[in-house]
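Please look over the sequence and the model first, and then read the points grouped by topic.

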Amino acid sequence: MSLHRVVALVTAPQSPFELACAAEVFGTAHQDAPARYSFRVCAERPGPVQTTAGYAMLVDAGPAALLEADTVIVPGRQPPGAPVPHTVAGALRAAHRRGARIAAICTGAFVLAQAGLLDGRRATTHWRRAAQFAAAYPEVQVDSDVLYVDHGDVATSAGTGAGIDLCLHLVRCDHGAAYAAQVARNMVLPPHREGSQLQYAAPPEQPARAGADASLAPLLEWAASRIDARLTLDRLAERAGLSSRTLARRFTEQLGTSPGQWLLGRRLDAARVLLEQTDLPVDAVAARVGLVSAVNLRRRFKTHLGTTPGAYRRIFSEA
């Protein structure tokens, strides 16, 4: 299998963390995850590029590297509204016309907008910069709440943590849920967060009672190990020792989603892995992940993934 070529475009002063998000996902070899990507870095001009951490990094490639990329990553830009050189914008447009996928992390969305790649499209960036982004590029439909937005050919993410989520999402699109889970596990990260999840959780209206454990982690672990069971909101609330209303509020505060949507996401994740790694019939997969029937699984797949279980298996099957 030929390696998928990923090229990160950096600008001074570059945030090393945002660049490292992409490098860790696409450029690090893992013992239990076979290499599927090559990774390199380019800049407007080869040579030293200053970083926000106070040191310079040496970049040996210029914008011409983008013309060979299958995926281009644009990490956050400082200051966000700084003009993008014509050579860089032109190279991004040329890469996009050639069929490369272009993805921005955080304020890297400003670079894509200046290159005209987001006109008429929905996009996101760090929530603190969303108003500035919307004012500067009124032709872009700015969504300041979500973690990332993926159009297939162009994608944008919120702040740095969401950049990792976007990179793992792209891996899932390329090589399936099981391989992406291997990469995430090596990074000691949860395997998947939906792009529609909120960028940040609103603080609770009232502090938790003294001695009360407000973390949902034990409940999430318990539920994730029982996704084949019938897990209603009332049952989850009983397990957590909370009222249904309080549990729903805590899901919104801590995860930015509802209990039902969180559980559906875990079930679809598990179904994807079974479709990739086993030859179980679709109805058996549905039963194992708590979606009851093949009809329900197909409906959920079509709604949330835009495909069918059978088509997904043909693309990603390792059985």
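This is a predicted model: local features need pLDDT of at least 70, side-chain atom pairs count only at pLDDT 80 or more; totals for chains, interfaces and linings use all residues.

Residues are numbered from 1 along each chain as its sequence is written, and side-chain values use heavy atoms, with hydrogens and water left out. Helices (H or I, at least four residues) and strands (E, at least two) are DSSP runs numbered from the N terminus.

**Helix 10 and helix 13**

- Two packed helices are described by the angle between their axes and the distance between the axes.
- The axes of helix 10 (residues 259–277) and helix 13 (residues 309–316) come within 8 Å and cross at roughly 55°; axes are lines fitted to C-alpha atoms, for helices over the stretch in contact, and angles run from 0 to 180 degrees between N-to-C directions.
- Helix 10 is therefore oblique to helix 13, given that angles under 35 degrees count as roughly parallel, over 145 as roughly antiparallel, 65 to 115 as roughly perpendicular and the rest as oblique.
- The crossing of helix 10 with helix 13 is right-handed; a crossing is right-handed if the near helix is turned clockwise from the far one by less than a right angle, and left-handed if anticlockwise.
- R272, L274, L275 and E276 of helix 10 make the contact with P309, Y312, R313 and F316 of helix 13, where contact means heavy atoms within 4.5 Å.
- The residues of this contact divide into 5 nonpolar, no polar and 3 charged; Ala, Val, Leu, Ile, Met, Phe, Trp, Tyr, Cys and Pro count as nonpolar, Asp, Glu, Lys and Arg as charged, and the others, Gly among them, as polar.

**Burial of helix 13**

- P309, A311, Y312, R313 and F316 of helix 13 are buried; buried means under 20% relative accessible area, exposed over 50%, and partly exposed in between (1.4 Å probe, protein chains only).
- The cover over the buried residues of helix 13 includes helix 5 (160–175), helix 6 (177–186), helix 10, helix 11 (282–288) and helix 12 (294–305).

**Helix 10 and helix 12**

- The axes of helix 10 and helix 12 come within 11 Å and cross at roughly 105°.
- This angle makes helix 10 roughly perpendicular to helix 12.
- On the helix 10 side, Q261, L264, L268, A271, R272 and L275 meet L297, R300, F301, H304 and L305 of helix 12.
- By class, the contact of helix 10 with helix 12 has 7 nonpolar, 2 polar and 2 charged residues.

**C106 and T125**

- C106 is placed in the loop between strand 6 (101–104) and helix 3 (108–114), and it counts as buried because its relative accessibility is 7%.
- T125 lies in the loop between strand 7 (122–123) and helix 4 (130–136), and it is buried, with a relative accessible area of 0%.
- A polar atom of the T125 side chain lies 2.9 Å from the backbone oxygen of C106.

- A237 is found in helix 8 (residues 233–240) and is buried at 1% relative accessibility.
- Neighbours within four places in sequence aside, A237 is in contact with L242, S243, S244 and L247.
- P46 lies in the loop between strand 2 (37–43) and strand 3 (47–50) and is exposed, with a relative accessible area of 53%.
- P46 and V59 are 13 residues apart in sequence and 5.3 Å apart in space, C-alpha to C-alpha.
- Neighbours within four places in sequence aside, P46 is in contact with V59, D60, A61 and G62.

**Backbone geometry**

- Most residues other than glycine have a negative phi, and most peptide bonds are trans.
- The peptide bond from A12 to P13 is cis, with omega near -10°, and P13 is placed in the loop between strand 1 (4–10) and helix 1 (16–26).
- The peptide bond from Q78 to P79 is also cis, with omega near -15°, and P79 is found in the loop between strand 5 (71–74) and helix 2 (86–98).
- C106 has a positive phi, near 60°, although it is a residue other than glycine.
- V292, also a residue other than glycine, has a positive phi near 75°.
- V292 is placed in the loop between helix 11 and helix 12 and counts as exposed at 69% relative accessibility.

Notes
A polar contact is a pair of N or O atoms within 3.5 Å; within protein, one must be able to donate a hydrogen and the other to accept it, and residues adjacent in sequence count only if both atoms are side-chain atoms.
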